[in-house]
Amino acid sequence: MPHHASRRTLLTAAAMVAATAAGAAAATLGTHGTPDDPRSPGGPPGRRPDRARLRRFVDGMSLAEKVGQLFVSRAYGHSATDPDPADAEQNQTLFGVRTAAELVARYHLGGIVYFAWAHNTRTPHQIAALSVGLQQAALTSGARIPLLLSTDQEHGAVARIGAPATLLPGAMALGAGGSTADAQRAARIAGAELAALGIRQDYAPVADVNVNPANPVIGVRSFGSDPHAVAALVAAQVRGYQGAGVAATAKHFPGHGDTETDSHVGLPVMRHTRAAWEELDEPPFRAAVKAGVDAVMTAHIVFPALDPSGDPATLSRPIVTGILRERLGFQGVVVTDALDMAGVRQKYGDDRVPVLALLAGCDQLLNPPDLGLAYRSVLAAVEAGELTETRIEESVLRILELKSRRGLFDEAYTTTEAVDATVGIRRHRDAADQIAAGTTTLLANPGGLVPIDATAGPRLLVTGTDPASPTGTTGPPTAVLARELTALGCRATAVPPARAVAAVPGHAAVLVCTYNVPEQKDDGDDDPQRRLVTDLVASGVPVILLAVRNPYDPARLPACAAELATYAWTDVEMRAAARVLTGAARPAGRLPVPVPGRYPLGHGLTR
């Protein structure tokens, strides 16, 4: 990346340039204090926004610049100024420009969200260079306001940035571990690495309480089904992320934990009563607000008990303003979930959705499907008097306060040195393994098969489902599990399911990984995972079941000689499972959700 980029800094409202590269790295990594720094609810950088100064800044902006600050868009390409030809063509088709830098300048954007599928997240140094290039574009055009660069880095099942960055246990695994200290430590590490990459807002933690085993979109992304346990872990992660200088975003308000429709493809309906919402869904969001969370993300769900209009929560003034702002007292930034999702596009057109979101009380408009249309629609709504410029300024001021609180007006850039000193370092990877060690849950072990005596070098067969890596940089899980078991003294071999039954003879045990096994609906059920486990159990060789995503699988399969839940199929959880299986670590995880018909909330064996 350009050497001069690391020296740029915003020292005044006019965005004048001057600072040292060392200062840039230090601020980026959030070294100005501790997570509990009293100067700022979220901890370092510990800067209290100068509201009067920011107000003067807003007064000097044009309406077009103010509206642009509200939008957080995708942009295609690994580079801000030199994308691959296919990405340049995609940008041209969708946005009328060829580069992400041009997109930032054209629409005066407030932020860019990174996605792997947009080719933004290839390697740590590439991501950092992209961040620098985008900040340069923002600081040399329009109002010269730094961008708030963001991504979904929940860890576990949802992550946009892969190895060699550190990959940590996800929410439900942390819920199984039950340690708020570990949850905060995981978020602090994740936040430090994001900050070193120039990403200063993470769409995490998930504050949804997963009380529905059939929930197709939350599941292991939630910390669990106990609202008070979830609340404590959410607050811990808010402190962790913001202690590293990254804005945390509690999602998906007012709660997405008891739905049976994925809001990416449909419009879910929450059937909780108001009293049930207050008991189950509200506590984690209230805890996040109390912990000083910088942002809250809305859900594209209908919640009749909170707003009978039929509008999704993202577009509901009774929910966003009446409950989040007024009841919970949240004064930070409200960001919509992605506006290209089906859940928010069913009732209104793409031109109306951003206007209605602002009228509801939202501030940041995330990833509209047609940025140009959304931008023009907000401008037109102001010109027509449907939205006042004062209302726009309220959101812009909140966004600028967040940027100021996270230090972007002092240091907008990251450095190569910050990446090398922070991302994927040994200390972080060791911490990830230490945290994961407390998450693997031993659900059943009637014959004492676990721990396996690795000193005897037993032959083990590993098979089952190999879901795609969330980041494309880990797995496949059966191969990783076999490798780790072998490293611990066993002789383990991974084979595909089609060859598994024939390969059983001569092995001391079979380990089978399952992934979200569906409920059995009738006698003619032909689910391939259920058929595989049934055939393996019938072989007479002991079968050890590992549910590598939702922990509900054991209730939907024949009983096995031992049953474990890992809550994710990433390498860090497979390593942890291998250590538990061989006795290198004691099983310590406890179910953060009940498994209906099989195991209660809090169940977990220690041997």
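**Second largest cavity**

I looked up which element gives most to the lining of the second largest cavity in this predicted model. Helix α8 has the largest share, with three residues. The cavity holds about 60 Å³ of space. I listed its lining as Gln153, His155, Ile161, Ala165, Thr166, Ala190, Glu193, Leu194 and Leu197. The elements that give two or more residues to this lining are β4 (153-155) and α8 (180-196). By type, I noted five nonpolar, three polar and one charged.

**Largest cavity**

I found seven cavities of 30 Å³ or more. The largest has about 90 Å³ of space. Its lining runs from Met61 to Ile145 in my list and includes Glu65, His108, Ser141 and Arg144. I noted six nonpolar, four polar and two charged residues there.

**Six-stranded sheet**

I then traced an open sheet of six strands with mixed pairing, in the order β11-β16-β15-β14-β12-β13. β11 (441-444) and β13 (491-494) are the edge strands; each has a single partner, so one side of each lacks a neighbour in the sheet. Neighbouring strands are turned by 25° against each other on average, direction ignored.

Inside the sheet I checked β12 (459-464) against β14 (509-514): the two pair in the parallel sense over five bridges. Valine 462 has leucine 511 of β14 as its bridge partner.

**Helices on the sheet**

I looked up two helices that lie across these strands. α19 (528-538) lies across β12, β14 and β15 (543-547), at about 170° to β14. α20 (571-582) lies across β14, β15 and β16 (562-565), at about 150° to β15.

Technical notes. Residues are numbered from 1 along each chain as its sequence is written. This is a predicted model: local features need pLDDT of at least 70, side-chain atom pairs count only at pLDDT 80 or more; totals for chains, interfaces and linings use all residues. Side-chain values use heavy atoms; hydrogens and water are left out. Two strands pair if DSSP finds at least two bridges between them. Helices (H or I, at least four residues) and strands (E, at least two) are DSSP runs, numbered from the N terminus. Axes are lines fitted to C-alpha atoms, for helices over the stretch in contact, and angles run from 0 to 180 degrees between N-to-C directions. Contact means heavy atoms within 4.5 Å. On a 1 Å grid over the protein atoms alone, a cavity is a set of points where a 1.4 Å probe fits but cannot get out, and a pocket is an open set with protein on both sides within 12 Å along at least five of seven lines; lining residues have an atom within 4 Å of a point. Grid points are joined across faces, edges and corners, and a volume is the space filled by probe spheres set on the points. Ala, Val, Leu, Ile, Met, Phe, Trp, Tyr, Cys and Pro count as nonpolar, Asp, Glu, Lys and Arg as charged, and the others, Gly among them, as polar.
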